[in-house]
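Have the sequence and the model open side by side for this one.

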Amino acid sequence: MSAVRRKFGDEYQAVGLARSSARRERQRFVDKNGRCNVQHGNLGGESSRYLSDLFTTLVDLKWRWNLLIFLLTYTVAWLVMASMWWGIAYLRGDLHQVHDDTYSPCVANVYNFPSAFLFFIETEATIGYGHRYITERCPEGIVLFLFQSLLGSIVDAFLIGCMFIKMSQPKKRAETLMFSRAAVVSQRDGKLCLMFRVGNLRNSHMVSAQIRCKLIKSRQTPEGEFLPLDQCELDVGFGTGADQLFLVSPLTICHEINSKSPFFCLSQRSLRSEQFEIVVILEGIVETTGMTCQARTSYTEDEVLWGHRFLPVMSLEDGFFRVDYSQFHATFEVPTPPYSVKEQEENLSLSSPLNSPVNNNKTRREQVCSLDCIDTAGEKNRLPFKLQKISSRKEDLPTRTLRMISSNTEKTCSTGDLLKIQEISPISDGEDTDEMIQLKALKINAKALTQPTVNLKLQKNPPSMCTLEMKLEDNFPAKLQKMNSDRLF
């Protein structure tokens with residue numbers, strides 16, 4: 001190692017410092033065992049608040065400090081009270097007249113400090129050997145005895161109650177609640193989900209078990225404020241009731257990644273560069289004691305496996321279900337798209353035929369005409385078949401005429417051109433007389449359509465199809481006009 005340092009010099013030290021600093025920067029907010037890595041410092045005058053709730057402070061202390069306080073409290077109380085009994089015997093002169101049978105001491109058979117200490121222990125523990133006792137000629141001893149009884153009851157209730165509460169805390173029940181070491185991301189029911197597993201090692205149930213998830217991640221607000229530990233809620237079935245667990249066998253908790261999820265933009269590639277922590281909180285009532293228990297764990301981005309799924313742990317054997325906890329943490333790979341949900345939705349929207357681009361080859365006038373005649377087409381679809389056929393044939397000629405007028409090359413058209421259109425259009429002998437009626441109306445209206453080229457150039461807005469249709473309908477026979485009016489109204 002020293003040779004490596006001499007060879008690389010400062011570069012080796014710089015790399016070592018960088019790695020150590022990187023380890024220090026990536027710090028868990030909640031450990032895997034559920035302990036929160038938060039320390040409160042610089043409390044100043046606020047530390048006196050702990051003494052105002054001394055019982056809770058003692059319960060929250062670690063076991064070594066609780067045992068130390070327990071032993072010190074009883075030892076100091078015994079020594080102080082024994083000293084008080086010895087002091088009464090000393091002040092009354094009982095210690096100097098021990099062998100005088102005619103003398104009545106305050107406490108019989110108290111000769112020195114050890115004998116006074118034994119008398120206190122016998123009184124405190126209600127042992128009562130009967131060799132040492134208080135006489136009726138010692139009022140100060142009677143008062144001290146009453147004070148000792150009251151003080152001893154308070155100390156016993158405080159310290160023994162504290163130890164009992166600490167021993168019966170439901171934190172130890174959380175030791176038998178298991179969480180999977182890693183979380184997985186895979187598809188379930190066609191949706192990308194973040195999943196992890198929870199289990200109960202005891203046969204006693206967790207009543208009203210509920211699970212919650214928090215995403216802890218740093219972010220910056222639009223106002224520029226930096227939030228180092230911003231907490232965001234992860235939905236694990238709050239709206240559907242899936243967060244209420246019947247924790248008899250191991251369960252897989254699922255968080256659906258959708259547009260409302262914080263992982264909406266998370267992909268397999270971006271998972272490597274993200275820094276976040278998922279805190280899982282499982283709460284429930286212990287069936288045996290009725291106390292509320294809470295178990296916690298956390299998953300960092302390194303503990304989230306993309307494209308994995310948990311192995312099954314349940315099997316049916318001889319009429320009962322068996323749970324194999326040896327496979328509780330095991331996972332296996334499954335085919336999973338490496339894209340985020342956002343990217344998948346964008347790809348689906350681009351490939352959808354409903355969102356295909358509009359044909360740009362259409363002219364603006366054709367688009368406007370198509371919009372103008374949407375209502376007419378909708379009404380025509382509600383007509384009988386024969387009237388639809390008549391109306392469609394009637395509308396074909398005005399549409400062709402409008403296109404011929406709108407083009408630049410056909411602005412100089414004449415009546416002869418319109419007549420050529422009539423000659424080109426094949427009319428069979430078997431055609432209905434309705435088409436003949438339309439052609440007659442077109443010939444009658446030819447003078448209105450025939451105008452000098454100068455007038456056509458000056459005309460900025462050519463007549464729309466609907467205007468031409470109205471002009472043609474004025475020259476229709478009365479029977480056809482009546483049919484058309486009935487269709488419109």
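**A cysteine pair, then the wider view**

The torsion about the S-S bond of Cys106 and Cys138 is about -70°, so this disulfide is left-handed. Cys106 sits in the loop between helix H5 (63-92) and helix H6 (113-124), and Cys138 in the loop between H6 and helix H7 (139-167), so the pair ties together parts that are 32 residues apart in sequence. As a reminder, a disulfide is a covalent bond between the sulfur atoms of two cysteines. Here a disulfide is called when two cysteine sulfur atoms lie within 2.5 Å, and that rule gives a count of 1. The S to S distance for Cys106 and Cys138 is 1.6 Å.

A word on where this comes from: the model is predicted, so local features need pLDDT of at least 70 and side-chain atom pairs count only at pLDDT 80 or more, while totals for chains, interfaces and linings use all residues. Residues are numbered from 1 along each chain as its sequence is written, and side-chain values use heavy atoms, with hydrogens and water left out.

Are those cysteines buried or exposed? Both Cys106 and Cys138 are buried, where buried means under 20% relative accessible area, exposed means over 50%, and partly exposed is in between (1.4 Å probe, protein chains only). Cys213 counts as buried too, because its relative accessibility is 1%, and Cys293 is buried with a relative accessible area of 0%.

Now zoom out. The protein has 17 helices and 14 strands, taken as DSSP runs (H or I, at least four residues, for helices; E, at least two, for strands) and numbered from the N terminus. Of its 489 residues, 31% are buried. Take contacts (heavy atoms within 4.5 Å): among those with a separation of 6 or more, 65% are between residues 24 or more positions apart.

Finally, find Asp235, in the loop between strand E5 (226-234) and strand E6 (244-245). Asp235 counts as partly exposed because its relative accessibility is 46%. What does the side chain of Asp235 reach at 3.0 Å? That would be the backbone nitrogen of Phe238; the backbone nitrogen of Gly237 also lies 3.0 Å from a polar atom of the Asp235 side chain. Leaving aside residues up to four places away in sequence, Asp235 touches Cys254, His255 and Glu256. Pro262 is 27 residues from Asp235 in sequence, with 9.8 Å between their C-alpha atoms.

Conventions. A polar contact is a pair of N or O atoms within 3.5 Å; within protein, one must be able to donate a hydrogen and the other to accept it, and residues adjacent in sequence count only if both atoms are side-chain atoms.
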